Amino acid sequence: MSGLKREVARLSEILRNQGIGHRIILESDAGVGITVVKDAANKRFQLLYMQPDDYPHTGVIVTTDDPDCETVALNAIDAHEERSALGDVFVTLCDAMSAEVPQSLLCLGPSHSSGGANDGGCSDGTAAMDEDSAGNGALDGDSDDDPSHSSDAFDMAERDDTATTVKLYQKVGRWQAFEDTMNPPAEEAPEGQTDKDVLAAQDALEEAAAAQNAAMTAEEKQAARNQLFEPKAAYTMISGELKKAAGGHFPWLDADAIGDDVYKWDVRITQCTPGTPLAQDLEQLRRTTGDGSVRLRMSFKRGLHPFYPAAVQVVAPRFQGPLAGAVASHPLLQMHQWDPTRSTDRLLALLRHFMETSGRVDQEASVVAAAEGRGAYSEEESLLARMEALTATPPACAAQWASMYSARDAGVDAARMEALQQTKRLKTDEAGPSSHPRAWASGVGFGTGQRGA
């Protein structure tokens, strides 16, 4: 039994014994349903853990069908960005709603989050579980051979240098200013506007939306149907990830927004696994040019993130063979394999592992490109790599590099994708009469449009 399943079972038993009416149920391997009772009303939330095998060392997406509780859900995501012990998330939700919290759960707060013993003790004799001994996703025991955990292989301490912190928050301010220009607040209706004017404005909006929908590909339309987040919430998620990467949270990774647009990343992989051929090649390149990093450019689809795959372009160095195209068209970046709950640093860790497995640097061409101050690939080559990604059609030389293309399958977790598809099919638990239209369960990636009764 996984750590998350054990925690659900334990907390459910505690809540049953309290008799308040709160409930916690396991909806899938990665999904948990929470019901908080407030003033005799049931407020339901859905939790989707990004990396359930790493519980509680993982982020969590919290959503709700109740419009009055959307802010509570978003604040819970921010409060548990990196570590999301279920008991802590539950207490956060209850506190935000001023709902009664069982005394036995209050003592799980800080002590439970740190994985230590509860010095104060619980009234019902329940002690906080030692996550490491219980197997609740302790990272120390993770296998170094698992590329999905490679982002945790390095020291995760953040830099506390004051100048760096100030510079980071200046960047965040510029990102927000750019985002405000992309999503300006709605204009107030002018005084004296007639019903005819209102209908005309609504018709114009509908026509614009229809034109935008007609220009979408089938996969973009699918992502649009699955989209759960308003622009502000989507911005909060992606800017939070970029802030961590730009702030030195991952010593092997650095990133910044291109033109202050958080949906376009300039990425540098500054460290590779020691002893790998790629690490040796990059060290040789560093001694020659002064730069031994791998540069990537990532683009996320505004309005569709995180339900539409990112586009990844290799900028430098130049690799031997068609590796740039193999990265751009990697199965993890295809719609049928795209996991909207996978964090960007995890995705980059998997791509780094693939490059370590299959990539060798073309030293001569890379040195020339660096000396000329340009990227290692021409615009035409980058467009061909993007075409390979969009059409999933390998180049003519792929047969000569069969081992490179077959190595990409190592990063695809078939069981995880099947679990995600199962989660998408879940419906809201015990959906009953409501003043709001019945909808698919929020947080499961299946959209919240109306469905039949």
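The exercises below, each with a worked solution, concern a predicted model.

**Exercise 1.** Determine how the span of helix H1 relates to the expected value, and list which of its residues are buried.

*Solution.* Begin with the extent of the helix: H1 covers residues 3-18, which makes 16 residues. From its first C-alpha to its last it reaches 23 Å, close to the 22 Å expected at 1.5 Å a residue. Next, apply the burial cut-off of under 20% relative accessible area; the residues of H1 that are buried are Gly3, Leu4, Glu7, Val8, Arg10, Leu11, Ser12, Ile14 and Leu15. Finally, look just past the helix, where glycine 19 adopts a positive phi of about 75°.

**Exercise 2.** Work out the strand order of the open sheet, and identify its edge strands.

*Solution.* The sheet has four strands in the order S1-S2-S3-S4, with antiparallel pairing. Since each edge strand pairs on one side only, the edges are S1 (23-26) and S4 (60-63). On average, and with direction ignored, neighbouring strands are turned by 20° against each other. Within the sheet, S1 and S2 (residues 31-38) are joined over four bridges, and arginine 23 stands opposite threonine 35 in S2.

**Exercise 3.** Describe the packing of helices H11 and H14 by geometry and by residue class.

*Solution.* First take the geometry: H11 (residues 277-289) and H14 (residues 363-371) pack at about 35° with axes 11 Å apart, and their crossing is right-handed. Then take the contacts, in which Asp281, Gln284, Leu285, Thr288 and Thr289 of H11 meet Gln363, Ser366, Val367 and Ala370 of H14. Sorted by class, this contact comprises three nonpolar, five polar and one charged residues.

Definitions and conventions:
Residues are numbered from 1 along each chain as its sequence is written. This is a predicted model: local features need pLDDT of at least 70, side-chain atom pairs count only at pLDDT 80 or more; totals for chains, interfaces and linings use all residues. Side-chain values use heavy atoms; hydrogens and water are left out. Axes are lines fitted to C-alpha atoms, for helices over the stretch in contact, and angles run from 0 to 180 degrees between N-to-C directions. Helices (H or I, at least four residues) and strands (E, at least two) are DSSP runs, numbered from the N terminus. A crossing is left-handed if the near helix is turned anticlockwise from the far one by less than a right angle, and right-handed if clockwise. Contact means heavy atoms within 4.5 Å. Ala, Val, Leu, Ile, Met, Phe, Trp, Tyr, Cys and Pro count as nonpolar, Asp, Glu, Lys and Arg as charged, and the others, Gly among them, as polar. The expected span of a helix is 1.5 Å times one less than its number of residues. Buried means under 20% relative accessible area, exposed over 50%, partly exposed in between (1.4 Å probe, protein chains only). Two strands pair if DSSP finds at least two bridges between them.
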